[in-house]
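Reader: I have a model open beside its sequence, and I would like to learn how to read its features one at a time. Could we begin with a single side chain and work outwards from there?

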Amino acid sequence: MPRFSSRPEVASIELAGEDERQCSQKAVVQARSSQPTRLTSIIFAEDIMTGQVLRCDAIVDTIHSIQIVSTTRELYLEDSPLELKIQALDSEGNTFSTLAGLVFDWTIVKDTEADGFSDSHNALR
């Protein structure tokens with residue numbers, strides 16, 4: 001399937017597993033814009049056998065807030081491992097579909113605000 005982006009400076013496409021006709025069954029769409037504003041690009045893919053054209057909109061925006069999503073609000077040193085998920089929102093409260101490519105630096109510190117709890121020496125934040 002040939003693919004292209006209406007605005008490659010906003011979102012580019014890299015084909016994966018191309019054959020001799022420059023066709024592929026999958027592609028990687030990557031945000032390219034460094035503008036501090038919401039921009040869109042239309043992504044097209046065409047099935048060369050049927051001529052059917054698929055379209056999707058890629059929206060690239062700045063992150064307004066980040067949330068850590070987990071099953072609990074308190075973590076303790078002796079707890080079993082817990083998966084933490086990062087969720088980013090734009091200024092209108094829309095959730096980003098992916099944060100691929102962003103690097104997060106995690107630091108664990110003692111929770112000094114948990115002094116009123118009996119297990120405060122093991123509480124983390």
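Author: Since this is a predicted model, please take each distance that follows as computed from its coordinates.

Reader: Where in the fold is Ser-12 found, and is Ser-12 buried or exposed?

Author: Ser-12 is found in strand 2, which covers residues 11–16. Its relative accessible area is 15%, and because buried means under 20%, Ser-12 counts as buried. Leaving out residues up to four places away in sequence, Ser-12 touches Val-28, Val-29, Gln-30 and Arg-32.

Reader: How should I read charged side chains, and how many salt bridges does the structure hold?

Author: The general idea is that side chains of opposite charge can pair when their charged atoms come close. In this structure there are four salt bridges. One of them joins Arg-7 to Glu-9, with the closest N and O atoms 3.4 Å apart; Arg-7 is partly exposed at 31% relative accessibility, and Glu-9 is also partly exposed, at 48%. Another joins the side chains of Arg-55 and Asp-57, with an N to O distance of 3.1 Å, and here Arg-55 counts as exposed at 54% relative accessibility.

Reader: Which salt bridge links distant parts of the chain?

Author: That is the salt bridge between the side chains of Asp-61 and Arg-38, at 3.2 Å from N to O. The two residues are 23 apart, with Asp-61 in the loop between strand 5 (53–60) and strand 6 (65–69), and Arg-38 in the loop between strand 3 (26–31) and strand 4 (39–46). Arg-38 is partly exposed, with a relative accessible area of 36%. Salt bridges that share partners join Arg-38, Asp-61 and Asp-90 into one network.

Reader: What does Asp-90 touch, and is Asp-90 buried or exposed?

Author: Asp-90 lies in the loop between strand 8 and strand 9, and at 5% relative accessibility Asp-90 counts as buried. Its side chain makes a polar contact with the side chain of Arg-38 at 2.7 Å, and a polar atom of the Asp-90 side chain also lies 2.9 Å from the backbone nitrogen of Glu-92. Setting aside residues up to four places away in sequence, Asp-90 touches Arg-38, Asp-61, Thr-62, His-64 and Phe-96.

Reader: Turning to the strands themselves, how many bridges join strand 4 to strand 5?

Author: Eight bridges join strand 4 to strand 5, and the two strands run antiparallel. One place to look is Ala-45, whose bridge partner in strand 5 is Leu-54. Strand 4 and strand 5 form a hairpin with six residues between them, and Gly-51 in the turn has a positive phi of about 80°.

Reader: What is Cys-56 in contact with?

Author: Cys-56 has its place in strand 5 and is partly exposed, with a relative accessible area of 42%. Apart from its neighbours within four places in sequence, Cys-56 is in contact with Ser-41, Ile-42 and Ile-43. The C-alpha atoms of Cys-56 and Ile-42 are 5.9 Å apart, although the two residues are 14 apart in sequence.

Reader: Which residues make the nonpolar surface patch?

Author: The patch, of about 680 Å², is made by Ile-63, Ile-66, Ile-68, Leu-82, Leu-84, Leu-102, Phe-104 and Trp-106. Among these, Phe-104 lies in the loop between strand 8 (85–89) and strand 9 (123–124), where it is partly exposed with a relative accessible area of 33%.

Reader: What does the secondary structure of the whole protein come to?

Author: The protein has zero helices and nine strands. Of its 125 residues, 19% count as buried, and its accessible surface comes to about 9600 Å², of which 51% belongs to carbon and sulfur atoms. Among contacts between residues at least 6 apart in sequence, 37% join residues at least 24 apart.

Conventions. Residues numbered from 1 in each chain as written. Predicted model: local features only at pLDDT ≥ 70, side-chain atom pairs only at ≥ 80, totals over all residues. Heavy atoms only, no water. Helix = DSSP H or I, 4+ residues; strand = E, 2+ residues; numbered from the N terminus. Buried < 20%, exposed > 50% of the residue type's maximum accessible area, 1.4 Å probe, protein only. Contact = heavy atoms within 4.5 Å. Patch = residues over 30% accessible without salt bridge, like charges linked within 9 Å, V, L, I, M, F, W, Y side chains within 5 Å. Areas by Shrake-Rupley, 256 points an atom, 1.4 Å probe, with all protein chains shown as cover. Pairing = 2+ DSSP bridges. Polar contact = N/O pair within 3.5 Å; in protein donor to acceptor, adjacent residues only side chain to side chain.
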